[in-house]
Amino acid sequence: MSPPSPAPQNDEQHARELRERYGERYRWLLLLSVMIGTMASIMSSTIVNVAIPDMSHHFALGQERAQWVSSGFMVAMTVSMLTTPWLLARYGYRRTYSGAVALLLLGGVVGGFADLYSLVLAARVTEGLAAGIVQPIPAIIILRAFEPHEQGRASGIFGMGVVLAPAIGPSIGGILVDLFGWRSIFFMVVPFCLASLWMAQRFVPRTAPGGVVANRHGAALDWRGLLLGSIGTLCLLNGLVDLRGGTPTQAALLLSGALLSLIAFIGWERRVLRQGGEPLMNLSLFNYRQFAMGSVVAVIYGTALFGSTYLLPVFMQLGLHITASHVGTILLPAGLVLAVTIAGVGRLADRQPTYLLVSIGLALLAASFALMLLIDLQSGLWVLVLLAVLGRIGLGFILPSLNLGAMRPLDKALIPQGASTINFLRMLGGAAGVSLCGIVLEWRLAAHGDSLSQLQTSPARLAAFDEAFVMLAGLCLLALAAAWQLKGGDAPRPAPKPET
């Protein structure tokens, strides 16, 4: 055998030197490094919504074309999550993470200076691709670099930081748009990206997950699986949109295309696995009961979470006639409570069964939706604040616990695949959730003889909103049944010394 090349030795030596130089605090510095980039990616996904009206006016766009700035980002982010394990194995943590953050930075700068809408849209897709690659990485680091008794605490601290980005970002974004216009939204991620790139050069190792040397000559990317996954995602999301505003025939064709793509994707991934290749999504993950049930929870939870972020503001503005500024005031305390809850529950996840924490969270979330039926035009704003806080407390129980409960039983070699898959499924459910809530709401409005185009609210409109909230509560209870099956995944194998 030929002696190993100097580069792999240097990579392994570099990883050891980082652990020796910074000691016990190294893994926390590593987590902070990737947390900043993840905050930037999440901020870029949510903050652009406040700039869409100003951007639509600048480029003279209709609502449908302007909305592609958000939906193009979501589709790109959802699909690119599946490539993270391959990129990490081939290029290692530092090159993969730094490359994705640099891509996010490029998208922000290009979008901020763009004078053509097509260039703005391309910048948003670029940002989405980068965000999708970045977001599974922290979960991989938490499960590989931290001891089992520290993983919950690490998840809580990471979750608290990441949640603050979408909680505070839109408020800051609205001020920036008013002062400097829509371009300022794109530039907002620049300082976060620069700080994250600087920290990555200091604290993120060059090795692949497991402390092994990245293999630049490893298996090729599963392009066919990626293509099938992309086609299926596009067909599903566009089919759901057409159920609301398109023709039934076109919606049926798109949804049929999504189903066929799913069948073809599963068949292809099984074939790659049988042939000893590296599939885009390793279906052997679903042989672990806890992971399979956690995936069900992730899809439904994503649907309820993103659906409610659409439904709640619409209900307050068009059902209760509360102004947009008051809506923001009502929801802000809930965002802050969510951040505090995540930090506290993260510590609990180190001592309490994760299936129990996830179940409590889903029950509280279901209760917050069901109690919306008590709200009417005479209800005080404090009641809405309390219900929003109740729902966010529920989310705070779920966020740091779900990944741990689903992925702790996995073989360590499958953790990168598990992190990307469960993030993909959650985002796919989330992207579908907004359309699902819109479809159910319009269906029930039509059944009650009302529509959102009418200025005056009515008992019929409130009844339609109530039925949409009942649907979300029902989804949470369905997820609760799956969450109970996470039982048994809270006795992780003794972890080796942290090796990232």
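## Close-up views of a predicted helical model

**View 1. Helix 13 and helix 16 pass each other in a left-handed crossing.** Residues are numbered from 1 along each chain as its sequence is written, and side-chain values use heavy atoms, with hydrogens and water left out. The axes of helix 13 and helix 16 come within 10 Å and cross at roughly 160°, so helix 13 is roughly antiparallel to helix 16. The axes are lines fitted to C-alpha atoms, for helices over the stretch in contact, with angles from 0 to 180 degrees between N-to-C directions; under 35 degrees counts as roughly parallel, over 145 as roughly antiparallel, 65 to 115 as roughly perpendicular and the rest as oblique. On the helix 13 side, look for Q290, F291, G294, V297, A298, Y301, L305, T309, F315 and M316. They meet L384, R392, L395, I398, L399, L402, G405, A406 and M407 of helix 16, where contact means heavy atoms within 4.5 Å. Sorted by class, the residues of this contact are 14 nonpolar, 4 polar and 1 charged. Nonpolar covers Ala, Val, Leu, Ile, Met, Phe, Trp, Tyr, Cys and Pro, charged covers Asp, Glu, Lys and Arg, and the others, Gly among them, are polar.

**View 2. Helix 13 (residues 289–319) also packs with helix 18 (residues 459–483), their axes coming within 9 Å and crossing at roughly 160°.** Helix 13 is therefore roughly antiparallel to helix 18. The contact of helix 13 with helix 18 holds 21 nonpolar, 3 polar and 1 charged residues. As for handedness, helix 13 passes helix 18 in a left-handed crossing. To place these helices in the whole chain, its secondary structure comes to 18 helices and 0 strands. Helices (H or I, at least four residues) and strands (E, at least two) are DSSP runs numbered from the N terminus.

**View 3. Helix 5 (residues 84–113) and helix 6 (residues 117–134) pack with their axes 8 Å apart, at an angle of about 150°.** That angle makes helix 5 roughly antiparallel to helix 6. The two helices cross in the left-handed sense. Helix 5 contributes residues including T84, L87, Y97, L104 and G108, while helix 6 brings, among them, L119, A123, E127, A130 and I133. By class, there are 14 nonpolar, 7 polar and 1 charged residues in the contact of helix 5 with helix 6.

**View 4. T83 sits in the loop between helix 4 (63–80) and helix 5.** T83 counts as buried because its relative accessibility is 9%; buried means under 20% relative accessible area, exposed over 50% and partly exposed in between, with a 1.4 Å probe and protein chains only. Apart from neighbours within four places in sequence, T83 is in contact with I133, L226 and L280. One of these, I133, is 50 residues from T83 in sequence, yet their C-alpha atoms are 6.8 Å apart. Across the chain, 84% of the contacts with a separation of 6 or more are between residues 24 or more positions apart.

**View 5. Q151 is placed in helix 8 (residues 148–180).** With a relative accessible area of 3%, Q151 is buried. A polar atom of the Q151 side chain lies 3.3 Å from the backbone oxygen of F146. Beyond the neighbours within four places in sequence, Q151 touches I142, L143, F146, D350, L404 and R408.

**View 6. S368 lies in helix 15 (residues 354–370), and Q378 in the loop between helix 15 and helix 16 (381–407).** Here is a pair to compare: S368 is buried, at 3% relative accessible area, whereas Q378 counts as exposed, at 68% relative accessibility. Leaving out residues up to four places away in sequence, S368 touches L387, L390 and G391. For Q378, the C-alpha to C-alpha distance to L320 is 9.2 Å, and the pair is 58 residues apart in sequence. In the chain as a whole, buried residues make up 54% of the 500 residues.

Technical notes:
This is a predicted model: local features need pLDDT of at least 70, side-chain atom pairs count only at pLDDT 80 or more; totals for chains, interfaces and linings use all residues. A crossing is left-handed if the near helix is turned anticlockwise from the far one by less than a right angle, and right-handed if clockwise. A polar contact is a pair of N or O atoms within 3.5 Å; within protein, one must be able to donate a hydrogen and the other to accept it, and residues adjacent in sequence count only if both atoms are side-chain atoms.
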